[in-house]
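Good morning. Today I will go through some side-chain contacts, and then I will stop.

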Amino acid sequence: MFHQPHDVAEALRIRAEMGGDVLPIAGGTDIVVAMNRSSRHPPHFLDLSRIEGFRAVRRETDSLWVMGGATFSQLGRLPVRCLADAAMTVGGPAIRNRGTIAGNLGTASPAGDGCVALLAIDALVELSNADRGSRTISIADFFRGFRQTALQPDELITGVSFPTDWRTAWYKIGKRGSINISIVCCAVGLSPRGDVRISFGCVAPTVVRSRGAESIITQGGISDETISEAARAAMLEVAPIDDHRASAAYRRAMCGVLTRRLLTQLRDEQAAEETAA
């Protein structure tokens, strides 16, 4: 059965009543592909695409709040570079107009481009239940394993919040650019308070941060020496696999390359701005 609520409260009630028997769907860009590859289909769907305001984007003090139904086309216009650039590498225009940030989080693919970008800016994920209300958790605590998350069967991903004052960078390696899935993708975020985040996709069972590389930059600042150390640390920390798209050795090497490239880019941009000021 296809349930089509028109407001969030009704959607949460259906989800709470049916739990794991109902599968939330909005753009369907991941779910439909998965269904086409499997003979097992959920008995019920919860269509979130008709909920008024579920694509809303709201500016708050030094941050943005996006509802779970915000599409990649919308995210591609936001003033957060790593997220905007990641969004614009997701499929073609038709996919970006349908795919949503909640879907990207909920499917928890280790190749989720939006998830990697959000991990680099310490995003907060809002999970809501009809009776218990909403809870907010750090995206670092959201992913629990391969396609496993902190989302309970009676909850929905209702929104995501993230800062707008971080310096960020993004790069995706894919055989056909945005048309296909990443081979390796990387995002780097530097907060005004000195926090450093370096995240990767396609190199572990979930999207991951390289905490060793982050620690090197946090303690030593961004120099040629620390960038090289961070690149080596990132290569050691990831756990890629061989598959039909690339070897584990290639992916590991690219983690070092992308760490070096993005940290150097952010350092040089900051130096140029300070020189021009």
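Start with a term: buried means under 20% relative accessible area, exposed means over 50%, and partly exposed is in between, with a 1.4 Å probe and protein chains only. This is a predicted model, where local features need pLDDT of at least 70, side-chain atom pairs count only at pLDDT 80 or more, and totals for chains, interfaces and linings use all residues. Residues are numbered from 1 along each chain as its sequence is written, and side-chain values use heavy atoms, leaving out hydrogens and water.

Aromatic rings next. Rings of Phe, Tyr and Trp (its six-membered ring) pair if their centres lie within 6.5 Å; planes under 30 degrees apart are stacked, over 60 edge-to-face, and the rest tilted. That rule gives two aromatic pairs. Phe2 and Phe45 are tilted, because their planes stand at 45°, with ring centres 5.8 Å apart. Phe2 is partly exposed at 46% relative accessible area, while Phe45 is buried at 12%. The other pair, Phe142 and Phe143, is edge-to-face, with 80° between the planes and 5.1 Å between centres. Both Phe142 and Phe143 are buried.

Now charges. A salt bridge needs a side-chain nitrogen of Lys or Arg within 4 Å of a carboxyl oxygen of Asp or Glu. How many does a search of the whole structure find? It finds 16 salt bridges. One of them joins Lys172 and Asp113, at 2.9 Å from N to O. Lys172 is buried at 14%, and Asp113 is buried at 6%. Another joins Arg81 and Glu269, at 2.8 Å between the closest N and O atoms. Arg81 is partly exposed at 30%, as is Glu269 at 26%.
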